[in-house]
Amino acid sequence: MIQTSGVIICLGYIFGLLLTAVPWGGVWILIVAILGAVFLRKRTTPPQPQESKSKSTPNIWQSFPHPRVWLIAGLVGLLATVYLQWRSPQPSVKDISQFVPADSVANQEQLFIVRGQVESSPRLTRSQRGQFWLTATQLDEVKNGNGPASVTKGVTGKLYVTLPLLQATGLHPGQEIAVTGILYKPKAASNPGAFDFQKYLKQEGSFAGLIGRQINIVNDENTWGWWKIRERILKSQVQSLGIPAGPLVSAMVLGSKAVDLSYDIRDLFVKAGMAHALAASGFQTSLILGVILQLTKRTNKATQFICGFLGLIIFLSLSGFQPAVLRAVIMGSAALVGLLLDRKVKQFGSLLLAATLLLLFNPLWIWDLGFQLSFLATLGLIVTVPAITEKLNWLPPAIASLIAVPLAATIWTLPIQLSVFGVVPAYSLLLNMITTPFISVISIGGIISAIAALASSSVGSTIAGILNYPSDWLIQLVEFFSNLPGNSLVVGSISTWQMLAVYALILFTCLIKWWQQRWWFAGLMIFGLVLVPAWHSANTLFRVTVLEAGAEPVVVIQDKGNVTLINSGDEGTGRYTIVPFLQQQGVNKIEWAIASDFDNRENNAWLEVMQSLPIKNFYKYSLKPETSLASQEIQQEIQKHQGIYQTVIPGQQVVTGLTVAQLIKEQLPVLYLQIQNQTWLLVGDVEPQEIERLAKVGGLPSPQVLWCSPESLKDLIKLFQPKVAIATSTNLDPKIISELSKNPTQVFFTGRDGAIQWTPNGQFESFIQETENKSSVL
């Protein structure tokens, strides 16, 4: 009874944290608890005949906890919502983010010198810069580049710092440094499906970043830290295995967050559905405990407990206190306590206790994707593996286990992955079964090599050398499956309610006998919940989206399953803006692509897009022969997927479904679009006088929707009087913005409003405004 009561109270706390995403979530959980208590109170006190009191038949409702337990759980859930709000990071008065210049133009010119202590080892970013966390203590303003200002401000706060790679090399936690650079505040996601940098920094307790240009080391004392041991292990394993195998083995032992693994390998494993192999958690914890208990089996239980607990703490310190590792260590410690007391520990209770303790320590982890996936995968192993193994009892136990473990983890983690990413790695289940032996061998060998490296770097390196073939074979297997046709199935991001419905069906199948006998029916319902809405949306939706992508207009037209992409933006836009948006929408291919190349750049993002999504028809407006390397690579990529590459000249129309596109004139970046019955005009860097001249001679239609640079916005609105005008940023004189607000033209700035979307039956909507409206409701 006590155990059941504890489970309900722990679940009340966890659900209270989750319901912070629902309006008045804490109140709702309390109301449900009160109703449950009233209902159970009636059920737990059934009327009985006087003569049968001493020998009454047990009532099934008596196995439920007392109604007051449900009331306590409801109160705990209500307090959890308040506790999460209280623990949510907020910048203090002296936080360094308070001193970031408000004017974005001035911010790009103003240099600061920030002094503080390095908090983490540098890591390589995708832009090939070194990144680390800095605890800021002092801020100086640089005057005209001639040195610091006379006034020094004492500041606090955690700062996200990037530096040129060479300057960041060699930094380590504990150093006191001074960094000269540009302060900035992180931006929220500007496009659907994009990474929310502001939210990420807030979860880390940071509210500002620094683009460093120069660094000075103030205090370089030889401070000790766990980073030294990690570095020793990494160097030892890289020495014999080389790159990328060495860092891969280290990451499988210590976790990818403790090892700066290259993005090529990281992306390869993520694409194949093998990201969990790079995360130190339960598997490594089980190995460490197993080895220690085996070595100390001849000693008493107290010695086994002490040695096992010390081993877990050392592993936790080396891995960097990641939520997944903390969860595994707490569960391992619970198993050690059971060993010491000679009692059997229930795995589900141990998992629930671990989750509750971690969320008491940091309630914000409830929204950490790594924590969620670790918890759900472990829950799947505890709850679902026995049932799957029983169904596979006709197979040898070893093979049944190879199938049951990854299948159970996939069942419990896939819904949340679909909610976040909208992509299913098609071969991940098969790949996980094939690679499990390799992962086991590499993890065991890596742990032994790491322990040996602490005593002797050469001995650890020699042991790691044995893992050369298994690690190479693992990488080759992952690469092979990643390159297979149809590796990634894009189904689109499912809604929160779809995800909850899927998890409800999974729970019913695990807990209710009727559903267990009809598991196939539950599976069909889950497929219907995920695929039917995606299919309906893809075949009925018509929508135009102007993405926030800098100085070039990037437009996505979704026409009942056929997608047209106009322009790709500069380098990085494909990876971080276009592909995430299309994956969220469930787009598997691009039917038509039009490159107007407004500023004649070769460093566009078409290749980044085509690495994830094939393009069937590619049209490029050009006057010159396609001899550049970038154009040749694009042609080769198009032909590889049996697509069509075609060069068109200005004035020639391109028809894509219900859309007609035409570059108006030679050497002028002006693109005309006819989308259904609506006229769009995308105007690049052209003098307004030239546009006015073209309009007077009839060379330009009068648009209903205008896209242009902010500098030309006022003149072109006056010239065309469109219904809607879209510009890139708000770097305009406040007087001009005030004048524009009085104009009947509806004006959007993608730099302020994010992506702009339009459907034939609706108005133009800005992504940031819609997101803020939803957040205000929550």
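Gly550 takes a positive phi near 85 degrees in the hairpin of β10 and β11, a hairpin with 6 residues between its strands. Keep in mind that this is a predicted model. Strand β10 (residues 542–547) has 6 of its 6 residues buried, so it's largely enclosed by the rest of the structure.

**Strand β10 and its partners**
- β10 and β11 (residues 554–559) run antiparallel, with 6 bridges joining them.
- Across that pairing, Phe542 sits opposite Asp559 in β11.
- β10 also pairs with β23 (residues 756–758), again antiparallel, through 3 bridges.
- Here Val546 has Ile756 in β23 as its bridge partner.
- Phe542, Val544 and Val546 point one way from β10, while Arg543, Thr545 and Leu547 point the other way, and all are buried.

**Helices α10 and α11**
- The axes of α10 (residues 282–295) and α11 (residues 301–319) come within 9 Å and cross at roughly 145 degrees.
- That crossing of α10 and α11 is right-handed.
- On the α10 side, the contact is made by Gln284, Thr285, Ile288, Leu289, Ile292 and Leu293, which meet Gln304, Cys307, Gly308, Gly311, Leu312 and Phe315 in α11.
- Sorted by class, that α10–α11 contact comes out as 7 nonpolar, 5 polar and no charged residues.

**Cysteines**
- Searching the whole structure turns up 0 disulfides.
- Cys10 has a relative accessible area of 18%, so it lands under the 20% cut-off and counts as buried.
- Cys510 is at 23% relative accessibility, and therefore counts as partly exposed.

Key. Residues are numbered from 1 along each chain as its sequence is written. This is a predicted model: local features need pLDDT of at least 70, side-chain atom pairs count only at pLDDT 80 or more; totals for chains, interfaces and linings use all residues. Side-chain values use heavy atoms; hydrogens and water are left out. Axes are lines fitted to C-alpha atoms, for helices over the stretch in contact, and angles run from 0 to 180 degrees between N-to-C directions. Helices (H or I, at least four residues) and strands (E, at least two) are DSSP runs, numbered from the N terminus. A crossing is left-handed if the near helix is turned anticlockwise from the far one by less than a right angle, and right-handed if clockwise. Contact means heavy atoms within 4.5 Å. Ala, Val, Leu, Ile, Met, Phe, Trp, Tyr, Cys and Pro count as nonpolar, Asp, Glu, Lys and Arg as charged, and the others, Gly among them, as polar. A disulfide is a pair of cysteine sulfur atoms within 2.5 Å. Buried means under 20% relative accessible area, exposed over 50%, partly exposed in between (1.4 Å probe, protein chains only). Two strands pair if DSSP finds at least two bridges between them.
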